[in-house]
Amino acid sequence: MVLLKVKFPFQRRVKVAQGLWLFSWLATVSGALIFTLGIFLKSELRKRSEVMDNTEIHAVPNTLIIVGLASVVINFFAGRICQDSLDVARFPRWRGFIVPYFAGAALFALLMLVAVIMSYAMKGNLEESLKIGLKNGIRFYKDTDTPGRCFQKQTIDLLQIEFQCCGNTNFKDWFEVQWISNRYLDYSCKEVKDRIKSNVDGRYLVDGVPFSCCNPSSPRPCIQHQMTNNSAHYNYDYTTEELNVFRRGCREALVSYYMGLMNTIGVLVLLFFLIQMGVLVSLRYLQTAMDGVVGQENTECETEGYILEKGVKETIKLTIQKIAKIFQPNQVQNEQAESAPGTAG
Amino acid sequence: MAVLKVKFTKTKRCKLAQILWILNWISVITGIILFSLGLFLKVEIRKKNEIMYNREIHSVPNMLIAVGVIACGINFLGGKICYDCSDSNKFHRWKLIMLPYIICTFFFTFCVLVGALMCYTMKNELEESLYLGLKEALKFYKDTDIPGRCFLKKTIDLLQMEFRCCGNNGFRDWFEIQWVSMRYLDVSNKEVQDRLKSNVDGKYLMDSVPFSCCNIYSPRPCIQHQLTNNSAHYSYEFQTEELNVWMTGCRQALLEYYMQIMQSIGFTVLIIWLFELSVLTGVRYLQTALENVLLQGDPDSESEGWLLENGFVETARTNFNIIKNLGKSNQINAVSGNEDPNLNVTPSSHGATRTHIPTVS
């Protein structure tokens, strides 16, 4: 029993073919757009790769790039097929190609959905990666003379200025790390020696933050040093001061930036998925309708189009049988060999 | 003798008309490009109008916008004319308009050239405006509680961070003004009182700069305060330290930024000018060729096209005379007598003298 049968008189076939040809070009453009969105997302992730611990999040843009390319190819062929479907002489040459084509197209459409789901599901992964990456960045902030880490100060400063954030979770992360290099500390000074002795690891810890944490919107010149000491600054209350340095942590800022980007891209990809499915369904109807026309004398007769010739369950059973036959060629040959001597003898 | 004479067969004329039609449409697009370049420049100048003293440096972008719009109109008309010129019957419609059109377009391309040159000469006006504007803005840096000036701190901070500059000419400009508001100074403190008394105007001056002057490429945490005091910081020497704060002045940084934009815009406008000039030359050839065809009478014949019918000097002289005579139209009526041919006719019998009357056509 056929799935979703629709009658196709000649005029309707022609209209569907023409409309589908235009639609497939629209779908090709949307495939190219997915490709560029994937490239854009990858470049944005790459820009901040120094504060990320791993590159697992790159699976999302990689999938988008693959899906975009495949979509362009699929829709290009869809356009060619529906162009040929108006000419009964040229249509049969697509015969062997159609079934693998639809299988591949359905697979890539499914991959589109997978990419969208991944972009929402990988938030936790991204957050973990940023947490570790930023922790290392802040730890190595002072190591501007160590090769391999000498750009960390620059990276963190630029990050904090651009995203208007301070530290990993918040600005207090800077109080727990020595961010001033030993090269710039006067060890003969008593105050320095006191600070270094005041903690187990012998680090020079201050209640200060780097200048890149300063908020330009503050009405007051930035208070970077001795932030917890109210008496060190005139008319200053550490607990109520909100505009002096950025209150947001860089991890939160980066996660919200990337999630915003991926959410927008996800919505667009869903839209393109619908367009792609529309193209594939229309093409299937057109192809089955044309299959009915081939071989008939009157090419303008009415035919039927459908999605599946038999019901869903039967089709799945048949497909499994076919695949099983491909993987078991020896058994078939053995059976024939056994039966041959039987008939001869 | 004609200037740059070229022979045109009928097919050549048609081809020329078609090519010019396409080129005119391309020129409409370049007109739109001119317009958008002018708009872009206007927006860029507007973005920084808080630190510019003279807010009316809009002559160059306004010129570009006007020129772009007029270019679109002129080339649209040119496209229509050239389209009709491929058919010699339709040429009659445009015969009278073509010469004035060519003259107008010639003066217009001159305006495009002026626009391009203005881009390169705007530098001094801009520098003056930036110098005065930045000086005022630095003075009001501390006034974050006065309406009308409360955003200057944020503007200057963001400017210094974005353009990687400090102060007007250099970071020392900050030493000469009070950039810390009185609200945040403890006037009962002795040190503060000393500083206030140490200068005539009673300003709190120090050898420090705001945080936005800090250089992100410095290997060392930023030294903002007591910049000139070597002993206040370990392993620090003020005279040789170059990476601590930004060494460029904001006036120079902004000037370089704007001059870069204007140079690229000026270059693009020059190329557009050359293109317009070539289109104009093509239209002139087409016009003269078609007019000669009409004079010869046979629309399929070969004709000649030129830029100027006579040499430059002669054409200039003729035009000059025309302009002179325009002014003297009344005088010709007054100075009659010897020049009036009708007065040579002697009043005798009509029959005999009729053949001698010179006909004035």
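**A buried arginine and its partner**

Modeller: Let's start with A:R251, which counts as buried because its relative accessibility is 14%, under the 20% cut-off. Keep in mind that this is a predicted model.

Colleague: What does A:R251 form a salt bridge with?
Modeller: With A:E127. The closest N and O atoms of the two are 3.8 Å apart.

Colleague: Where in the chain are A:R251 and A:E127?
Modeller: A:R251 is in helix 7 of chain A, residues 250–293. A:E127 is in helix 4 of chain A, residues 123–139. They are 124 residues apart, so the pair links distant parts of the chain.

Colleague: And how accessible is A:E127?
Modeller: It has a relative accessible area of 31%, so A:E127 is partly exposed.

Colleague: How many salt bridges does the structure hold over all chains?
Modeller: The total is 26. One of them joins the side chains of A:E304 and A:K7, at 3.5 Å from N to O.

Colleague: Which parts of chain A does that pair tie together?
Modeller: A:E304 belongs to strand 2, residues 303–305, and A:K7 to strand 1, residues 6–8, so the bridge ties together parts that are 297 residues apart in sequence. A:E304 counts as partly exposed at 32% relative accessibility. A:K7 counts as partly exposed too, at 47%.

Colleague: Which residues are linked with them in a network of salt bridges?
Modeller: A:K5 joins A:K7 and A:E304 in that network.

Colleague: What is the radius of gyration of chain A?
Modeller: It is 33 Å, whereas a compact globule of 345 residues would have one near 20 Å. The C-alpha trace spans about 105 × 60 × 35 Å along its principal axes. Of the 345 residues, 42% count as buried.

Colleague: Now the two chains together. How many residues are in contact?
Modeller: 26 residues of chain B are in contact with 25 residues of chain A. Between them the chains bury about 2,400 Å², with 67% of that on carbon and sulfur atoms.

Colleague: Which residues of chain B lose the most area to chain A?
Modeller: B:Y184, B:I216 and B:Y234. Together they make up 27% of what that side buries.

Colleague: How many salt bridges are counted between chain B and chain A?
Modeller: The count is 0. The interface does have 5 residue pairs in polar contact. On the side of chain B that touches chain A, the residues divide into 14 nonpolar, 5 polar and 7 charged.

Colleague: Last one. Where does B:Q224 lie?
Modeller: In the loop between helix 6 (190–197) and helix 7 (250–296) of chain B. B:Q224 has 5% relative accessibility, so it counts as buried.

Colleague: What is B:Q224 in contact with, leaving aside its neighbours within four places in sequence?
Modeller: Its contacts include A:Q224 from the other chain, plus B:D207, B:F211 and B:C214. B:V209 is another of its contacts. The C-alpha atoms of B:Q224 and B:V209 are separated by 5.5 Å, and the two are 15 residues apart along the chain.

Technical notes. Residues are numbered from 1 along each chain as its sequence is written. Chains are lettered from A and ligands numbered from 1 in the order in which they are written. This is a predicted model: local features need pLDDT of at least 70, side-chain atom pairs count only at pLDDT 80 or more; totals for chains, interfaces and linings use all residues. Side-chain values use heavy atoms; hydrogens and water are left out. Contact means heavy atoms within 4.5 Å. Buried area is the accessible area (1.4 Å probe) that two parts lose on being put together, summed over both. A salt bridge is a side-chain nitrogen of Lys or Arg within 4 Å of a carboxyl oxygen of Asp or Glu. A polar contact is a pair of N or O atoms within 3.5 Å; within protein, one must be able to donate a hydrogen and the other to accept it, and residues adjacent in sequence count only if both atoms are side-chain atoms. Ala, Val, Leu, Ile, Met, Phe, Trp, Tyr, Cys and Pro count as nonpolar, Asp, Glu, Lys and Arg as charged, and the others, Gly among them, as polar. The radius of gyration is taken over C-alpha atoms; the globule rule is 2.2 Å times the number of residues to the power 0.38. Buried means under 20% relative accessible area, exposed over 50%, partly exposed in between (1.4 Å probe, protein chains only). Helices (H or I, at least four residues) and strands (E, at least two) are DSSP runs, numbered from the N terminus.
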